[in-house]
Amino acid sequence: RKFRRLAVHAPGCARYHVVGEADCAMFRQLNPSVDVRFLRHPHYNYYADRRIGFGEPKIRLVLAGRNDLYMQSCAAELVDVLAANADLADKFEFTFLGKGWEPMHERLLGAGWQCRLITFAENYAEELCRHDVQLTPVSVGSGTKGKVLDAITNGLLVIGTPFALENIAVRHGQECLQYEQACEVPALLRDIAAHRRRYEAIAEAGRAAVLREHSRARASQALFGMFAASAANVAEG
């Protein structure tokens, strides 16, 4: 409701930028008179020298973030599916990185998974780099997910829902893996375990794409370029 009010009453003398393509389309629909543009969100700090190489003997999975409205339903479905496919525990270990995951942590432990729960990390990026694959079961939301940018720029392979990966310059099967239903994830994990080098290459391609398309320099040029264009138009007028 807040976003609707902002869009409907936005003055036409301003130029707006948003980091969600769906947000941009909705803004234009609610108020066709305003100038609103989609710009890619810049990535954050990362470890540039982190080498991509999946762990031995087990590949290290991480689910990062809070167990809240944005992930609750899809995360619960995913954990149920993983618990029902406990044979994957022979090839993977699991970490919950964030708050509110105690019940799901116990669920995976009870199913036979090697599973850790970290509610707070002093150095988030450093802890992230101890893992190979990030699962991001976002249920609802808009904009760009910062934790997905964090994972990809630090060399993790991201497996996520469409909401998790929207507005990020990656494509399924080339720079990331996307799934619609939780039941698809076990097959993806089995293929990752069987073809490690292939998926390490996808993680490397994802890192290169995000560092290029979501660079802070590129985001700055796009943002301040809008101001320069406006100034030029005013001068010509």
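Val148, Leu149, Asp150, Ala151, Ile152 and Thr153 are the buried residues of helix H6 in this predicted model. Helix H6 covers residues 146-153, and because six of its eight residues are buried, the helix is largely enclosed by the rest of the structure. Here, buried means under 20% relative accessible area.

What do the buried residues of H6 pack against? Their partners include both helices and strands, listed here with their residue ranges.

| Partner of the buried H6 residues | Residues |
|---|---|
| helix H5 | 124-128 |
| strand S6 | 133-136 |
| strand S7 | 157-160 |
| helix H7 | 162-165 |
| helix H9 | 196-213 |

If you follow the chain past H6, you come to Gly155, whose phi angle is positive, near 90 degrees.

Now let us step back to the protein chain as a whole. Its secondary structure comes to ten helices and eight strands. The chain has 237 residues, and 47% of them count as buried. Taken along the principal axes, a box of roughly 70 × 40 × 35 Å holds the C-alpha atoms.

The chain carries 29 positive and 27 negative side chains. The centres of these two sets lie 4 Å apart.

Note on methods
Residues are numbered from 1 along each chain as its sequence is written. This is a predicted model: local features need pLDDT of at least 70, side-chain atom pairs count only at pLDDT 80 or more; totals for chains, interfaces and linings use all residues. Side-chain values use heavy atoms; hydrogens and water are left out. Helices (H or I, at least four residues) and strands (E, at least two) are DSSP runs, numbered from the N terminus. Buried means under 20% relative accessible area, exposed over 50%, partly exposed in between (1.4 Å probe, protein chains only). Lys and Arg count as positive and Asp and Glu as negative; His and the chain ends are not counted. The place of a charge is taken as NZ of Lys, CZ of Arg, CG of Asp or CD of Glu. Contact means heavy atoms within 4.5 Å.
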